[in-house]
Amino acid sequence: MCGIIACVGDSDDAVDELLVGLENLEYRGYDSAGLAVKNGGDPAVFKRKGEISRLKDVLADETPSGGLGIGHTRWSTHGPPTDANAHPHTGCGDRVAVVHNGIIENHGALREELRARGHVFDSDTDTEVIPHLVEEHLAEGVSPETAFRRTVRRLSGSYAVAMLVEESDAVYATRSGSPLVVGVDDGEYFLASDVPAFLDFTDDVIYLDDGDVVVARPDGHVITDLDGNAVERTVQTVDWDPEDAGKGGYDHYMLKEIHEQPTALRQTLRGRVDAQTGEVALEDFPPGTFEDVSRVQFVACGTSYHAGIVGARLLGARDVPARAFLASEYATSPPPVDGETLVVGVTQSGETADTLAALRRARAAGARTVAVTNVVGSTAARECDDALFIRAGPEIGVAATKTFSSQVVSLTLLGERLVRDVTGSRSDDVEELFAALSDLPGQVQQVLDYTKARRVAKRYRDSDAYFFIGRDTGFPVALEGALKFKEITYEHAEGFAAGELKHGPLALVTPETPVFAVFNGRDHEKTLGNVKEVEARGAPVVAVATDDDEAAFEHAETVLTVPETHPDVAGVLANVQLQLLSYHAADLLGRSIDKPRNLAKSVTVE
Ligand code: F6R
């Protein structure tokens, strides 16, 4: 996700203000931090891998000063967290310094082109093409502003960019698909990914639109479109408490992260899928990557395990033998593995000890390994043969939310690559599946906009226990719904395969135990049969179903509705309703939602 900040003023304290801004943006990424400050000549660049405290140590020795600066806190997407990959990036000389949030999709082609003209790159990042391009345009003799505009025209993907140039007293910035706001104070400007970055200094804000170009100097600012036509943007005053601002106005990180899912999913999908042609393009996995694979094993814990079950089911249904294993069990009693086995470690953090142990065991037994993770540079990403990054952005709340959705979508894409390589043909329903993936971010937004989860949570708040059922891809969603519920409400909650109810758990079902039934469009009649069993024992049923599902409406006391989609991704939508249900139930109980008792975000012991 990354956070960017810039300060424009005529005092000498840009460094202090940038550091405050970076600390306020740390929730957007904390792999590395850096800044560039200008005091007359070249921008002076300071950057370090790791948390902001490491950058501060460097600055304590160097004590740079200046009124103009840019800063960055990184959440890695291209290249591991290293000093070289930290922002700001410069070109071949030190004339231009750039910070960037987003993904430059055509960076590979631009890099090749620039290399052919003699440019030398210092980092693995997509960002570094920007200062090199600006540098070339400056060499043609145009102004920094023109060089910036010409460069921005060459970029495709999502970006918010801020730039310093040697011969200018301005910060140049633009956005397209990534956030950028302007803070306005007396004789001073701030540019940042998010308002909290500069709330300590000003609460007057200009919200920019995609395509806006800002040139800010100590004595004024100009906002234009990419062609240089002036655009009007009004200054608004926000009334946020700086303490809560990192939560973007939400009461908890968990709620904020639930609401970030449409954006996270767009990031996960960006440049990887073409719904028209059914093509899948995964950076490190070109066609043929998995030709030697004959079976797939997913290893993971908790929420990531539930995503792994979805992944295994998608493959199984398309004739690729696949199974999901709890990593802790896999490590102690592993199934047969050989050189044709692909073991996929699904892990948000990339640091979960049980998952790492399972992956190491698999590698030692000769399997090929892939990490599906949110954290570039994590142990899983480094130790596995390959990594697929889910690009959900940092998740602060202990309960995994947006990362589950991004894991499921990433595994769906990886799954299609595997199906093609292993079976020699694409999935029969690939057009429908990819169209559903493309629609998914918008449909998640619909769920967020129209949910009545809080009302449902209120209605059943005094129950004895909470059960969740589903079948096929609805089964892992039932498990995930129950995990989230117990994790943050501390109430008793269990998830079952719908068909298993009658083999034991039905004994627990009473009028005081609501049952949440996930309908995902497959085997509808059978799930309905299970709902009727529950109904007959007097338990209230809450269905998660589409709004034209007459049978669900007939048999459930309440329905949490989701838009119609492909059954393989329907679970993502149902899960968003269940995330909201858990969140509101926990909120009504006054629980410590972002840091539930006894739990940690990253579990680094076996
Ligand atoms: C639940 C939750 C945990 C994690 C599990 C694995 O909300 O967050 O169950 O899913 O500890 O963590 P990662 O994915 O980092 O390996």
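My notes on the ligand site and the domains follow.

Ground rules first: this is a predicted model, where local features need pLDDT of at least 70 and side-chain atom pairs count only at pLDDT 80 or more, while totals for chains, interfaces and linings use all residues. Residues are numbered from 1 along each chain as its sequence is written, and side-chain values use heavy atoms, with hydrogens and water left out.

Domains: I have domain 1 (3–245), domain 2 (253–441) and domain 3 (453–588), with bounds from an automatic or database domain assignment. The centres of domain 1 and domain 3, taken over C-alpha atoms, are 46 Å apart.

Shell: I find 14 residues around the ligand, with S304, T347, Q348, S349 and T352 the closest; a residue is near if one of its heavy atoms lies within 4 Å. Domain 2 and domain 3 both contribute to this shell, so the ligand lies between them. Helices α8 (302–316) and α15 (474–489) each give at least two shell residues; helices are DSSP runs (H or I, at least four residues), numbered from the N terminus.

A polar side-chain atom of S304 is 2.5 Å from one, and a polar side-chain atom of T347 is 2.7 Å from one. For Q348, a polar backbone atom lies 2.7 Å from a ligand oxygen.

Cover: the ligand has 410 Å² of accessible area on its own, and the protein covers 90% of that (Shrake-Rupley method, 1.4 Å probe).

How values were computed: Polar contact = N/O pair within 3.5 Å; in protein donor to acceptor, adjacent residues only side chain to side chain.
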